[in-house]
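Here's a quick briefing to read with the structure open beside you. Take a look at the model first, then work through the points below.

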Amino acid sequence: MGLQPLEFSDCYLDSPWFRERIRAHEAELERTNKFIKELIKDGKNLIAATKSLSAAQRKFAHSLRDFKFEFIGDAETDDERCIDASLREFSNFLKNLEEQREIMALSVTETLIKPLEKFRKEQLGAVKEEKKKFDKETEKNYSVIDKHLNLSAKKKDSHLQEADIQVEQNRQHFYELSLEYVCKLQEIQERKKFEFVEPMLSFFQGMFTFYHQGHELAKDFNHYKMELQINIQNTRNRFEGTRSEVEELMNKIRQNPKDHKRASQFTAEGYLYVQEKRPPPFGSSWVKHYCMYRKAAKKFNIIPFEHRSGGKLGDGEVFFLKECTRRHTDSIDRRFCFDVEAADRPGVSLTMQAFSEEERKQWLEALGGKEALFPSFNRAIIPRPEGSAQLDKMGFTILRKCISAVETRGINDQGLYRVVGVSSKVQRLLSMLMDVKTCNEVDLENSIDWEVKTITSALKQYLRSLPEPLMTYELHGDFIVPAKSGSPESRVNAIHFLVHKLPEKNKEMLDILVKHLTNVSNHSKQNLMTVANLGVVFGPTLMRPQEETVAAIMDLKFQNIVVEILIENHEKIFRTLPDATLPEPVTLSASPPNAPPRQSKRQGQRTKRPVAVYNLCLELEDGDRPNLPKEDTPPSSLDSFSSPSPTAAAAHGPPGPDKNHLLADGGTFGDWASTAPSQARSSTVQWLNPQAPTTPSCNTEVTPPSPKLASFPLFLPATVADKAPESVINRKARAVYPCEAEHSSELSFEIGAIFEDVQTSREPGWLEGTLNGKRGLIPQNYVKLL
């Protein structure tokens, strides 16, 4: 049973039971007061803990944002760049979540703590004051009554009457105070039900809002999360393929290291101990140096290096070799020694010590010594042994028979082409298919003797057994270039062009195979072989470098991307000719230009997650560089060229048209345009335009970096490089790139749009023009004047 009600009529009787009921009400209010006091304390602790959690989350997000993955090689795949950017995405997610948490923490103070403190102070505090007054009046009232009743009856009547009146007045005052106190007690008991609970409701509403915001953030993040899972899976699949290749190469080198030395620009290189003579009585010391020698120039570089203590690199020396002489052990108390004499330092001779007699003989041979018994350090590329498989009529028969059997019997088999057959059965089938006598007798479509996995493994084995990969050694590097850079459209255009440079038989067989792989990928819901999975399987099969190195194996992932592009664009690549109006793709002999993307006048907030597009920065050999004027050549080696960031490239437009943009070797575009042959300029026109987006938008939080000076010349696209900014009045112009306006003063347009009344704008790098009756600003480097 709850508290008994306090009747006003009982205030006059003031019975013991009435007093018991009052004490029960007072005890309940005291319990409520203590509870609210403790609740306020806990609420403040909750706010403090929330702020501590928020600070820890922000620190965690800050750590995520600052970390960046390093990659092996000269470029990343789209999947790797997305994985790299994921840490920043996670950081932004946590940052947004913590902003909502901070709002919730502030709302706890305003909606819970302050109202409870106010209720406790104004309501419960007021009852405490009323209780003090009630207790005081109670004491006074009954003291007066006791005193009055102790008066002698012998007092005068007037005195007794006066005392009676005073007692009655005092009792009346006590009754009124008792009524007010009883009313206040019952009022506060009822008021606390909403005055106390309403702030709690507001508190939970704020908490629900926080969790709802978190849910909305998670929903917005879900699409990116799904894409990232695909990126991770693709990268894991490529890793597995790359790891097996690396382990295979490692085992080959372990078994025969001499046959797998890398081709080098130096005739000989390696560690030698060099004798450093000191004045008596200190004698001499032997210091380890890394030595490099070019036979053509007779140039010898030595650099002291100590592997211990973390590796310490000293200052190197360069001299030109005059002669080399073998030292006999009777002239020096060390083995494997020889002397070298410098042509540019008369009278200076250095004594060097090799690690072994074999290495000394190799150095003597390379340096022109007398004991030239072993071949040079700079070994030629070891050709792969030719198998019996050939790209002939028999080869096409094998390919068609296998494809027909796979599409008839196993197009829906899970793991098609990934599940391998038994090696002995695969070899037996392939031998029968490659034998003219037995090839026609093999029935792959109806025979149950040959499993589908045996047929697919035989097909792959045939392609791997060709003397040269189907996409050729010659074009291997050229196919890799577009996979490392450019927009998706430019990649397809480049590979389209290169496929049509393949020998006719290679292109025909590749067409048949890729058409089949396209059919396989169309059944990926059943066989689980997506385009990415097929790329992992057939990348190393259709493409491989002529020289096996770790660097080449790191490019396996780009081989996979090339195969993915072939499968996804089979009809365009094999059924149509390349667009003759587009320039030839950039090859390994001509590095793609990396001019900075268009910079927006205004820098807004990012509205969409950018698509990662990657750029490639290649180093040209000395012989590949055009001859520029001496005054434009920097006196020392310059920093490597830094490609614009992919997000900036994806969010901005094509290269800017500033004619004073620095060339990578120190000259301006004006210097290059006036001195370089037109043929050289046109041959390096940019095919891959890493800065041209499919839908460029200036709404980006990424500021394009300014390029550093590179050790090779930077060529601008012909449409940009052949004309410098000039004053334009009442001209027509045609759009060569699409653009999406970021401001009401700008125009949005597609490729081919014709602008009327084009004039130079006061905004640098912008034009004013009219399109479909609307006048606005146009990026100058997005259009071509007519």
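Let's start with two strands: E1 (residues 268–277) and E7 (residues 349–353) run antiparallel and are joined by two bridges. Helices (H or I, at least four residues) and strands (E, at least two) are DSSP runs, numbered from the N terminus, and two strands pair if DSSP finds at least two bridges between them. Keep in mind that this is a predicted model, where local features need pLDDT of at least 70, side-chain atom pairs count only at pLDDT 80 or more, and totals for chains, interfaces and linings use all residues. Residues are numbered from 1 along each chain as its sequence is written, and side-chain values use heavy atoms, with hydrogens and water left out.

**Strands around E7**
- Tyr273 sits opposite Gln353 in E7.
- E7 also pairs with strand E6 (residues 337–342), in the antiparallel sense, over five bridges.
- Here Cys337 is the residue standing opposite Gln353 in E7.
- E6 and E7 form a hairpin with six residues between the strands, and Gly347 there has a positive phi near 80°.

**Helices H4 and H5**
- The axes of H4 (residues 157–195) and H5 (residues 197–255) come within 4 Å and cross at roughly 5°; axes are lines fitted to C-alpha atoms, for helices over the stretch in contact, with angles from 0 to 180 degrees between N-to-C directions.
- That angle makes H4 roughly parallel to H5 (under 35 degrees is roughly parallel, over 145 roughly antiparallel, 65 to 115 roughly perpendicular, and the rest oblique).
- Lys192, Lys193, Phe194 and Glu195 in H4 meet Val197, Glu198 and Pro199 in H5.
- Sorted by class, this contact of H4 with H5 has three nonpolar, no polar and four charged residues (Ala, Val, Leu, Ile, Met, Phe, Trp, Tyr, Cys and Pro count as nonpolar, Asp, Glu, Lys and Arg as charged, and the others, Gly among them, as polar).

**Helices H7 and H13**
- H7 (residues 393–409) and H13 (residues 504–522) have axes that come within 11 Å and cross at roughly 5°.
- So H7 is roughly parallel to H13.
- Among the residues that meet are Phe396, Leu399 and Ile403 in H7, and Met509, Ile512 and Leu513 in H13.
- The contact of H7 with H13 has seven nonpolar, three polar and four charged residues.

**Confidence**
- The chain's mean pLDDT is 76, and 78% of its residues reach 70 or more (pLDDT is the predictor's confidence in each residue, from 0 to 100).
- Over residues 372–387 pLDDT stays under 50, and the model has 32 contacts (heavy atoms within 4.5 Å) for them beyond four places in sequence.
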